[in-house]
Amino acid sequence: MFTNKHVIIAMIVAPILSVLAWFAVGSLTGEQAAPAQPGQSYPLVEKSNCRYASGSCDLQNEDFELTLTYEEGVSGSQLVLLSSHALQGVVLGVALPDSEEQPEAMRAADGQGLEWRMALRGKPLPEQRIRLVARSGGSTYFADAATLFLQPKDMELQR
């Protein structure tokens with residue numbers, strides 16, 4: 001059986017053709033990305049850097065991306081939000097998962113709506129979550145993210 005060159009070639013080519021067919025069917029019949037529709041809500045996916053002490057958290061839905069960072073300065077601690085698109089407004093809350101705390105509005109730090117800031121009373125605890133809602137182009141984007149990215153790197157090693 002393995003002495004016939006046609007069988008050997010077929011055993012090599014068949015898996016390659018099946019993988020190519022799988023990708024072709026997925027691209028032809030799979031769900032295609034569509035632009036955001038005004039009045040609709042879209043979830044933002046928490047990227048992996050939110051789950052460890054990275055210093056920033058990326059939230060994304062297709063080409064719409066938000067980056068959260070923490071800054072401590074002379075005026076106190078702040079959460080800074082950088083956006084890939086101009087935002088019309090952002091509300092953000094930091095609380096325990098089962099808490100019903102009301103979110104607070106962030107303030108625009110630039111004239112274009114790409115940078116937003118919010119003063120914090122202190123650094124969030126590792127078990128707290130960040131919940132935010134952002135409006136851009138008439139669409140609403142929402143996210144629920146961990147606060148582990150805000151923790152010191154040595155705290156990550158203790159776990």
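Start with the cysteines: the structure holds 1 disulfide, a term used here for a pair of cysteine sulfur atoms within 2.5 Å. This is a predicted model, in which local features need pLDDT of at least 70 and side-chain atom pairs count only at pLDDT 80 or more, while totals for chains, interfaces and linings use all residues. Residues are numbered from 1 along each chain as its sequence is written, and side-chain values use heavy atoms, with hydrogens and water left out.

**Stop 1: the disulfide**

Select C50 and C57 and show their side chains. The two sulfur atoms lie 1.8 Å apart. Turn the view to look along the S-S bond: the torsion there is about 90 degrees, so the disulfide is right-handed. Both cysteines are buried, meaning under 20% relative accessible area, where exposed is over 50% and partly exposed is in between (1.4 Å probe, protein chains only).

**Stop 2**

Next, switch to a cartoon and select residues 56-61 and 64-73, which are strands β3 and β4. Strands here are DSSP runs of E with at least two residues, numbered from the N terminus, and two of them pair if DSSP finds at least two bridges between them. β3 and β4 run antiparallel and are joined by 6 bridges. Their hairpin has 2 residues between the strands, and E62 in the turn has a positive phi of about 55 degrees.

**Stop 3: T67**

Stay in β4 and pick T67. Is T67 buried or exposed? T67 is buried, with a relative accessible area of 19%. Opposite T67 stands D58, and a polar contact of 3.0 Å joins their side chains. (A polar contact is a pair of N or O atoms within 3.5 Å; within protein, one must be able to donate a hydrogen and the other to accept it, and residues adjacent in sequence count only if both atoms are side-chain atoms.) Leaving aside residues up to four places away in sequence, T67 touches S56, C57, D58, V80, L81 and L82, with contact meaning heavy atoms within 4.5 Å.

**Stop 4: strands β6 and β9**

Finally, select residues 89-95 and 115-120, which are β6 and β9. Each of these strands supplies at least two residues of the lining of the largest pocket. A pocket is found on a 1 Å grid over the protein atoms alone, as an open set of points where a 1.4 Å probe fits, with protein on both sides within 12 Å along at least five of seven lines; lining residues have an atom within 4 Å of a point. Among the 15 lining residues, V94, E101, E104, L120 and R121 lie nearest the centre.

Note on methods. Helices (H or I, at least four residues) and strands (E, at least two) are DSSP runs, numbered from the N terminus.
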